[in-house]
Amino acid sequence: MSIGVGIIGAGIMGADHARIIAGSVAGAHLAAISDADATRAKAVADETGAGRVMADPYALIADPEVGAVLIASPDATHADYTIACIKAGKPVLCEKPLAPTAAEGLRVIEAELSAGKRLVQLGFMRRFDPGYIEVKQQLESGRFGAALAFHCVHRNATAAPHFDEAASIFSSCGHEIDITRFVLSAELTRVQVLRPRKSALARFHDPLLAVFETSAGQLVDVELFLNAQYGYDVRGELVCETGCIAFGPALNTAVRHDGVTSTSLAPDWRPRFAAAYRIQNQAWIKSISTGVPAGASAWDGYLVTVAADAGVRALTATGAIAIPQEKCPAFYSL
């Protein structure tokens, strides 16, 4: 049986998700697309063979032909649309963040707890990336002893026009916050943000260095350089007691020619994590059929927002500040 998926948001991410659902995911089909820009929604629907274009996202959520909803609309809308999906009893894959504030994130948690069923998956696609999965598997094998530190690099060619220092922490670093919790199986307890010399090519202070402490005593440093100019470069190295586990920014081949060894970098995150998005979306559809949750939960999304909020506060603080620690409801620990 094929699950009818409705997509809210037909921008860059929504259009990509529509193409993935239409062409790379078994057991699902595009039932409807909604976007504030009707022309854009129709263009995506025509390209992907979506059943209908709907102006009202809440009508899409309520539509009986829509069995599951994928939210790729602006960040400020995520909490309200997700809560509407929960109330309608429909599984939802919501692009990160869960909500722009921790208080709004709690509204989603309360709605899902009231529903009594896990319906929300967050779009932290790195949890499905083969590189990150291998790092986690290697660590959990025990071959390298305990993890001591995690070095992370997050570089973009240029920042989006609306970005500033806070967005660097909240939007970009949010991925590192989630994947750190995933790989290390530890919570983030403190954060400090340092400012190296500012690039003359950046509109805001860029790069930044965010340093986190974990509940297991590890340090995690995240270099955030959103105007690096040369391409999209995400990589990391996990330092353990008897060895290190590293992964690079590229999944493509290396070329040796004319005295140079080279690999190409993606212009942005989508080619780099193309496989992760496909695996994530297929896992989401499978989870709906099996009833077994996959990927990051609403609680994971909430904790990322809590840690990111602390990171934004750390921009103007002296030294490290505490990240609020909250007990995970039993509902999310199963």
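**Briefing: cores, cysteines and helix 9**

Cys240 is buried, with a relative accessible area of 5%. The model described here is predicted. Its largest nonpolar core has 100 residues, and the count of disulfides is zero.

**Cysteines**

- The closest cysteine sulfur to that of Cys240 belongs to Cys244, at 6.9 Å. A disulfide needs the two sulfur atoms within 2.5 Å, so this pair is too far apart for a bond.
- Cys244 likewise takes part in no disulfide, its nearest cysteine sulfur being that of Cys240.
- Whereas Cys240 is buried, Cys244 is partly exposed, with a relative accessible area of 43%.

**Nonpolar cores**

- In soluble globular proteins, nonpolar side chains tend to be buried together.
- Within the largest core, the residues with the most contacts are Ile33, Phe212 and Leu238.
- Helix 10, which covers residues 298-314, gives the most to this core, with 10 residues.
- Leaving aside residues up to four places away in sequence, Phe212 touches Cys173, Ile177, Leu188, Arg190, Val191, Gln218, Leu219, Val220, Val222 and Ile323.
- There is also a second, separate core of five residues, among them Ala159, Ala167, Phe204 and Leu226.

**Val5 in strand 1**

- Val5 lies in strand 1, made up of residues 3-8, and is buried, with a relative accessible area of 0%.
- Beyond residues up to four places away in sequence, the contacts of Val5 include Ile21, Ala28, His29, Leu30, Ala68 and Leu70.
- Phe204 is one of the residues of the second core.

**Helix 9**

- Helix 9 runs over residues 274-290 and has 17 residues. From first C-alpha to last it reaches 24 Å, close to the 24 Å expected at 1.5 Å a residue.
- Gly291 follows helix 9 and has a positive phi, near 80°.

**Glu95, a buried charge**

- Glu95 sits in the loop between strand 5 (92-94) and helix 5 (102-115).
- Although Glu95 is buried, it has no salt bridge. The nearest side chain of opposite charge is that of Lys96, 6.8 Å away.
- Not counting residues up to four places away in sequence, Glu95 touches Met13, His17, Ile71, Ala72, His78, Leu122, Gly123 and Tyr277.

Conventions. Residues are numbered from 1 along each chain as its sequence is written. This is a predicted model: local features need pLDDT of at least 70, side-chain atom pairs count only at pLDDT 80 or more; totals for chains, interfaces and linings use all residues. Side-chain values use heavy atoms; hydrogens and water are left out. Buried means under 20% relative accessible area, exposed over 50%, partly exposed in between (1.4 Å probe, protein chains only). A nonpolar core is a set of buried Ala, Val, Leu, Ile, Met, Phe, Trp, Tyr and Cys residues joined through side-chain atoms within 4.5 Å. Helices (H or I, at least four residues) and strands (E, at least two) are DSSP runs, numbered from the N terminus. Contact means heavy atoms within 4.5 Å. Lys and Arg count as positive and Asp and Glu as negative; His and the chain ends are not counted. A salt bridge is a side-chain nitrogen of Lys or Arg within 4 Å of a carboxyl oxygen of Asp or Glu. The expected span of a helix is 1.5 Å times one less than its number of residues.
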